[in-house]
Structure formats: C-alpha cells, structure tokens
Amino acid sequence: MNVRGFRVTRWPVAVAVIVCGCLESGLAQSPARTAYVGRALAEVLGDLQREGLQIVFSSDLVKPDMRVMAEPTSSEVRARLREILKPHGLTTREGPKGAVLVVRAPDATRPPQQPNEQTPTAGTIRGVVVDAGTNTPLEGVLLQIVGTSHKASTGGDGTFAFDDLPAGKHTLHVSLVGYALARRA
C-alpha cells in the first residue's frame with residue numbers, strides 16, 4: 001500500500017504493537033510517582049494516605065506552612081514518609097490497628113528525662129478532624145475523653161481542643177452523623 005509516497009508493509013505495524021505492549025507492561029510494573037518537593041507537607045501526607053497508608057497526625061505538628069524539602073528516594077511508602085518527615089524533626093510510630101502516627105522525633109541533644117525530674121501534671125490535646133477520603137475539615141464533630149466529663153465539638157475549620165487534662169494517655173470518642181464512631185488513644 002502506498003500512502004503519500006511511503007511504502008507501508010504489515011511487519012512494521014506488528015513490531016510497533018509489540019513495542020507498545022512492552023512499554024505498557026513496563027509502566028504497569030513501576031508507576032510514576034508524583035513529585036513531592038516544594039508541596040505542602042499535609043497535602044503529601046494525604047497522597048500517601050490515598051496509597052493505602054493510614055496516617056494520623058496533628059495540626060500542631062504538621063503546620064500549613066511546612067513544605068517537603070527533598071524528594072524521597074525510597075520506593076516503600078513508609079520509608080518515603082519517614083524521609084519526608086525527618087527534615088521537620090518528625091518521625092513515625094506504630095499506632096493502633098496498623099495506623100502510622102506522626103510524632104516529634106526524639107531530640108538527640110536533650111538527655112532522657114530522669115525519674116526524679118518533675119513531670120507535668122496537666123496537658124492539652126488539640127487537633128483537627130478531617131474526612132479521611134477528601135481531607136476536608138469536618139464541623140460539628142462531637143468528641144469526649146472517655147472516663148471524664150471533658151467534651152468538645154469541632155468548629156468550622158474542624159479544630160478542637162481539650163485543656164487542663166491530667167498527664168497521661170487518654171482515649172477520645174469521636175462521632176458525627178453519617179460517619180462511623182471512632183476511638184483514638
């Protein structure tokens with residue numbers, strides 16, 4: 001067959017199909033990752049959540065102005081998360097039911113607290129409640145600290161706060177109509 005002066009035969013078409021098939025299967029084996037550097041840290045944490053990692057973090061630790069400083073090199077999701085958090089003095093800790101908690105990294109320059117040092121007797125829990133699928137702040141969420149009379153509800157920006165709590169571990173009940181009841185330690 002002649003097309004505008006070019007002679008076309010069947011075998012180059014077959015070769016092209018094979019090459020395309022190889023390229024497609026190569027793409028399926030190693031999907032392209034989104035670039036992280038320069039993006040808001042909270043936004044990138046949302047991307048990692050969409051990759052299947054259940055990440056729990058506080059807006060007191062992950063501030064809106066925090067940006068990813070360097071592109072992670074690891075192909076494993078949890079390792080990428082740790083690489084992204086490290087320049088901000090943050091790290092991860094295993095949470096309940098496979099959740100990954102974003103926490104402050106231990107300060108290597110500060111010695112561990114000695115048993116005779118004063119420990120705080122009161123503390124504060126602050127945070128933001130967001131929809132896990134859309135990362136949108138939720139208003140009107142009811143929160144209660146189990147075993148106490150401490151109750152709060154989220155504002156329009158999803159924030160809440162509990163002040164003057166006894167130091168130690170507390171469990172929150174978090175509920176909103178249309179969402180499953182959550183318990184978080």
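**Entry 1: Ser74.** I began with the side chain of Ser74, which reaches the backbone nitrogen of Glu76 at 3.1 Å. This is a polar contact (a pair of N or O atoms within 3.5 Å; within protein, one must be able to donate a hydrogen and the other to accept it, and residues adjacent in sequence count only if both atoms are side-chain atoms). Ser74 is placed in the loop between strand 3 and helix 3. I recorded Ser74 as buried, at a relative accessible area of 16%. Buried means under 20% relative accessible area, exposed over 50%, and partly exposed in between (1.4 Å probe, protein chains only).

**Entry 2: basis of the entries.** The model is predicted: local features need pLDDT of at least 70, side-chain atom pairs count only at pLDDT 80 or more, and totals for chains, interfaces and linings use all residues. Residues are numbered from 1 along each chain as its sequence is written, and side-chain values use heavy atoms, with hydrogens and water left out.

**Entry 3: confidence.** I looked up pLDDT, the predictor's confidence in each residue, from 0 to 100. Its mean over the protein chain is 75, and 71% of the residues reach 70 or more. Among the elements, helix 3 has the highest mean pLDDT (91), and helix 1 (residues 10–29) the lowest (39). Residues 1–32 have a pLDDT below 50, and beyond near neighbours in sequence this stretch has four contacts in the model. A contact means heavy atoms within 4.5 Å.

**Entry 4: overview.** I found three helices and eleven strands in the protein chain. Helices (H or I, at least four residues) and strands (E, at least two) are DSSP runs, numbered from the N terminus. The chain has 185 residues, of which 27% count as buried. Of the contacts with a separation of 6 or more, 50% are between residues 24 or more positions apart.

**Entry 5: the largest core.** Which residues touch the most other members of the largest nonpolar core? They are Leu41 and Leu81, in a core of 18 residues. Helix 2 (41–50), helix 3 (77–85) and strand 5 (100–104) each give this core at least two residues. A nonpolar core is a set of buried Ala, Val, Leu, Ile, Met, Phe, Trp, Tyr and Cys residues joined through side-chain atoms within 4.5 Å. Setting aside neighbours within four places in sequence, I listed the contacts of Leu41, including Val62, Met66, Ile84, Leu85 and Leu90. Another core lies apart from this one; it has eleven residues, among them Val129, Leu143, Leu165 and Val174.

**Entry 6: helix 2.** Its buried residues are Leu41, Val44, Leu45, Gly46, Asp47 and Leu48. Their cover includes strand 3, helix 3 and strand 4. Just after helix 2, Gly52 has a positive phi of about 110°.

**Entry 7: the 3-5-4 sheet.** I traced an open sheet of three strands in the order 3-5-4, with mixed pairing. Strand 3 (55–56) and strand 4 are at the edges with a single partner strand each, so one side of each has no neighbour in the sheet. Two strands pair if DSSP finds at least two bridges between them. Strand 3 and strand 5 pair in the parallel sense over two bridges, and Val56 has Leu101 as its bridge partner in strand 5. Strand 4 (residues 90–94) and strand 5 are antiparallel, over five bridges, with Val103 as the bridge partner of Thr91. Their hairpin has five residues between the strands, and in it Lys97 takes a positive phi near 55°. Helix 3 lies across strand 3, strand 4 and strand 5, at about 145° to strand 4. For that angle, axes are lines fitted to C-alpha atoms, for helices over the stretch in contact, and angles run from 0 to 180 degrees between N-to-C directions.

**Entry 8: strand 7.** On strand 7 (residues 142–145), Leu143 and Ile145 form the covered face, Leu142 and Gln144 the uncovered one. Strand 7 runs antiparallel to strand 8 (residues 151–153) over three bridges and antiparallel to strand 10 (residues 172–175) over four. Leu142 has Ser153 as its bridge partner in strand 8, while Gln144 stands opposite His173 in strand 10.

**Entry 9: positive phi.** Most residues other than glycine have a negative phi. I noted Asn135, not a glycine, with a positive phi of about 65°. Asn135 is in the loop between strand 6 (122–128) and strand 7 and is partly exposed, at 30% relative accessible area. Asp164 also has a positive phi, of about 55°; Asp164 lies in strand 9 (residues 159–166) and counts as exposed at 63% relative accessibility.
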